[in-house]
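Good morning. I will go through one model today, starting with the whole chain and then moving to a few parts. Please have the sequence and the structure open.

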Amino acid sequence: MSEELRELIYTIVDSPEQFFDNYYSLSFPKQWLSELNIALSRLKNTKKVKRTTTIPIDSLNATLKATASLIQTSKGITKDSNSSPLWLLTTGKEINIKSLRRILQTWAKYHFQQRWEYDDVQDLIKHQALEDLNWIPCPEATLFDWETNPETGTATPRDYNAFQVLADIIASKITETPLKIGVKERQFFKGPNIGEVVEWPPEPIPKNGKFVGWASVFIQVTVQQRYFNSHPFIQLHTGVRRFTNSKNFSPASGRKANLHFQTKPDYWSEGFPIKNSIQSVAINWFPPKKKGEKPYLYFAEPVAEILKLLGKNFINPNAKKIIEQIPEIIPEIPENITILLPYSTTLKNPSSIQIKNGLFFHDRYIIDLAITNKFTGKLKQTEILNPYQSEIKSEITKDNKNLAELIRRKYPNKTWMGLSSFSEDIKEGIKSALTELQLLDSENSPINFVEIEENLAKTLGAALDENGEDGRKNYIGENFPEQTQQNPGVIIIHTFGPDYAEYKNGKDPKKINRKSFCLLNIVSQFIVKDGAKAKYKNTILDAIRQLGITYPKKYQEITLPNGKKFEVPENLTFVGLRMLRITGKTAFDKKAKSLPVFVRIFNQTGEVEVNLLDINNKPSLSTGWISYSEAILKLGKDEIKPVLLKDKKAEVKQFIQKTLELFSEDTLLLVEQDNIRSVLRCLQLKNMRQDKISFDDALNNFVNIDKFPGLRIVVCRSIETETPDNFIIKIRNDEKINGRNRYRTFYELWQFDKFTWISSSDRGNQQPNNNASRLDTWFQEWGNIKENDTEKIDKNKGSEEENKSNKGKRKKLEEPNKVEPDFTKQTAHFGRGKELSVVAVPSEEKDFRGVWAAIAHDLRKGAIQYEYTLELPLPLDMAKKLDEYFRVLDGDEINNDYNSEELEEEE
């Protein structure tokens, strides 16, 4: 057999057996919402609260998250007193209304009486009538009522809560009885996130005879769509959640963590369905206010204070004390309250936990079997996928891979490269790698290499601390004046841990250095510590990538699996469109900002160009096509300003549309769906039309892609919560000795349907781990042992060395299925497949969508700086890396940005 890919993705069977009786919805009380707004207006008039203060719904929702297993449909409450927004959903059993009302009133009492000293708080609370709170039963049928728009072909639920409710229902069903995974039954509880279940209680993790933490398997259920499919998909994401028992960790500055806890079912008020569920509350921490003090911890929302008013005070209002309640050893059955802190890289110096958080292919396989058995008659597996065996012909020659020649072509007069390091090992490692790459000690070397001040990062930080921005600029101007007259150059800077000035109070030296050297037309590359030979080489190559150097692809012909051949257009360009973003949490004015960017790469030459929105350059609103390094420098010098998307969305869309209309050559446009869908609503799953595009938010003006000659569009989906786990089987268990599958990880393309392909990768692949397992048998390939070898091994009396070898083989034969649950040190580098959907092609290429999927897949390979596969096709990867310089525009430019995720976007 050939390899097979199986996604952890399921469909609902036709006329499924009943999942449950009802689910229930509850709207925020309309009359009371009006009263709250009136009270808030009075407080604003008396200046007891700011004019910008809104109803503190976040703390109410956080309190409910700490006390009940609910689905919250909104983060805020509208100011419109005439509306009654849908607020809560629950599955299986509605929450006792009296208990819910008590929490509502306690929440209002805390904020309006204790915080804001509202005189009429008792009247406000009395207005919250019991009859205003009504759970409305919603029949199961509404969840399975999905309609297919004939124009889109994509299934959409009539009840849009179906995405969350179906996931919650399936998660609830998993917790009802232990789930047999492999040979062990595991009990799951509902986790704090919708559709999440967590193994409970966790397994203790020993180290040197002591417990250092715990580990649980988790399964995340989501309900998703795929382009042009007429039914929804149930998807699984799996992993290991680790918990630390450290009480002396040093938290990273400005971070937030969700504390997990689990109580007796009868601990809370009557009617709260928390059986088999884990609750959570968020804590924040900030650096000490004074020297010698410890970090300051507090609850992200006043949950503890509200619970204390309820009479439930196990969560002390002092967030720091809660850490002391983390148990040293978790009991088999929690007697009262079990408090655990998830282990995270956001914690500094927690107790060492050797368990990694990934699961291997075999683990996913046995979870898949368990879920399939659990939901027989309700869910069914999707089809197994086979490799999409297309053949790509290219005219790449040895010269096209000659790095020195590529640099020389772009910069005939040489480019400058500086190294600042206080480590002799790093100095020697960098110079050795440059020599290996034929970039040093050669008459024709395209690089002018210079060793400069050893501790540049610290010196720059000191100059900044002493004389502010001017001190930094003056130091650079005095010490690097010659570089301003040369081609764009690159500096490699050695930074190392918290010993350097820039790391004080969470400051990050990378931002300050990038911004500093952009003034001299120098891009910055960083190396943190001594490393293997490959690390020095990759550091140099990533620096050169910033200068806009890539290997050309030179595609000529694509042969599809059906034998059809496609001649690749000679002037083809690959274009990535991306929105660069600064989140509202990190922006100096707390306003989220965006900047659209196009990155194009020429098939024949590998030349990289960028087009940025320039809101001040009217009427074009564009920088025009400039080199990649020039784009980096413009961003780093603050020459390009981001925009508030809500104010400038029309200009952003105008820039995108005009750029696409001006393409004069054959173009493959690549976009990342979760990044661009808030701007181009036509790319949202529920809106996309085959081979059409629209720049109209109202979606009234779709135009055929033929109106843009030579344009093809491939949409990539890679976000973790929207793409399922998978596993690749090389040999099935019925073809393998001892009844085991054999797995493989490799770079391949798999066809899901005529529009969508799955791109798997070898990123970080460790082939020896292919047949490993965390949850079942820890097994590797056992050589050529056959079942009839047992007798031969027993009779063979050879040398001591042979007998020792036979003893090991005999044990493997005698105990072929011995289960050794082992959360090992080894990392499971098995990422999710990336979805590549070919949503638009010219009318004459409808039978050749596979060509563009194959090219998009191939563009994940061959980056100049990496040997392994990129997360995204190269044009999108290079667009994404512009964030490194765009984000120095953040007002808090030398503070770590811990919120690198995209802005939340709504479909």
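Let me begin with the contacts. Among contacts in the protein chain with a separation of 6 or more, 73% are between residues 24 or more positions apart. Keep in mind throughout that this is a predicted model.

The protein chain has 907 residues, and buried residues make up 56% of them. As for secondary structure, the chain holds 21 helices and 42 strands.

What is the order of its four strands? The order is β4-β5-β3-β6; the sheet is open, and the pairing is antiparallel. At the edges are β4, residues 71-72, and β6, residues 136-139, each of which pairs on one side only.

Helix α2, residues 57-67, lies across β4 and β5, and runs at about 10° to β5. Helix α5, residues 162-176, lies across β3, β4 and β5, with β3 being residues 22-27. The angle of α5 to β5 is about 30°.

Next, a pair of helices. In general, two packed helices are described by the angle between their axes and the distance between the axes. Here the pair is α1, residues 30-45, and α3, residues 97-115. They pack at an angle of about 5°, and their axes are 13 Å apart. Angles under 35 degrees count as roughly parallel, so α1 is roughly parallel to α3.

Which residues make the contact? From α1 they are Trp32, Leu36, Ala39, Leu40 and Leu43, and from α3 they are Leu104, Trp107, Ala108 and Phe112. Sorted by type, the residues of this contact are nine nonpolar, no polar and no charged.

Last, the cysteines. A disulfide is a covalent bond between the sulfur atoms of two cysteines. How many disulfides does the structure hold? The count is zero.

Two cysteines can be looked at individually. Are cysteine 518 and cysteine 682 buried or exposed? The cut-off for buried is under 20% relative accessible area. Cysteine 518 counts as buried because its relative accessibility is 0%. Cysteine 682, at 1% relative accessibility, therefore counts as buried too.

That is where I will stop.

Methods: Residues numbered from 1 in each chain as written. Predicted model: local features only at pLDDT ≥ 70, side-chain atom pairs only at ≥ 80, totals over all residues. Heavy atoms only, no water. Pairing = 2+ DSSP bridges. Helix = DSSP H or I, 4+ residues; strand = E, 2+ residues; numbered from the N terminus. Contact = heavy atoms within 4.5 Å. Axes fitted to C-alpha atoms, helices over the stretch in contact; angles between N-to-C directions. Disulfide = S-S within 2.5 Å. Buried < 20%, exposed > 50% of the residue type's maximum accessible area, 1.4 Å probe, protein only. Parallel < 35°, antiparallel > 145°, perpendicular 65-115°, else oblique. Nonpolar A, V, L, I, M, F, W, Y, C, P; charged D, E, K, R; others polar.
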